[in-house]
Amino acid sequence: MFHYDYKTKNTCSQLISMDLDGDRVHNVEFLGGCNGNLKAIPALIDGWTVDQIEEKLSGITCGRRPTSCGDQLAKAVREAYNAEQSGAATR
């Protein structure tokens, strides 16, 4: 299992933590943000692949912001997967 932390940009949440098992995402946790939504998203996507998460969540915006917690999660899982593939240590 590969653990990864991603610092979000332009969202109420500040950090997304996750574990990857190959291309499968598990144990997603958000620091900050809308409590209910950020409990629901991890419950729904646990075990999804990086590609599935990107397909469903990339490009979602929040209000006037150009991104959202879901969009940031899509970016985070891709970055984590690429780091895992390159052999990078936990960030």
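Strands β2 (13-21) and β3 (24-32) run antiparallel and are joined by seven bridges, helices (H or I, at least four residues) and strands (E, at least two) being DSSP runs numbered from the N terminus. The model is predicted, so that local features require pLDDT of at least 70 and side-chain atom pairs count only at pLDDT 80 or more, whereas totals for chains, interfaces and linings use all residues. Residues are numbered from 1 along each chain as its sequence is written, and side-chain values use heavy atoms, with hydrogens and water left out. Leu 15 has Leu 31 of β3 as its bridge partner. The open sheet has three strands in the order β1-β2-β3 with antiparallel pairing, where two strands pair if DSSP finds at least two bridges between them; β1 (2-7) and β3 are the edge strands, each pairing on one side only.

Within strand β2 lies Ser 17, which is buried, with a relative accessible area of 14% (buried means under 20% relative accessible area, exposed over 50%, partly exposed in between; 1.4 Å probe, protein chains only). The side chain of Ser 17 makes a polar contact with that of Asp 5 at 2.5 Å (a pair of N or O atoms within 3.5 Å, of which, within protein, one must be able to donate a hydrogen and the other to accept it, and residues adjacent in sequence count only if both atoms are side-chain atoms).

In helix α2 (residues 50-57), Val 50, Ile 53 and Leu 57 are buried; seen down the helix axis, the buried residues of α2 fall within an arc of 65 degrees, and therefore line one face of the helix, the arc being that of the directions from the axis to the C-beta atoms. On the other side of α2, Glu 55 and Lys 56 are exposed.

Note on methods:
Contact means heavy atoms within 4.5 Å.
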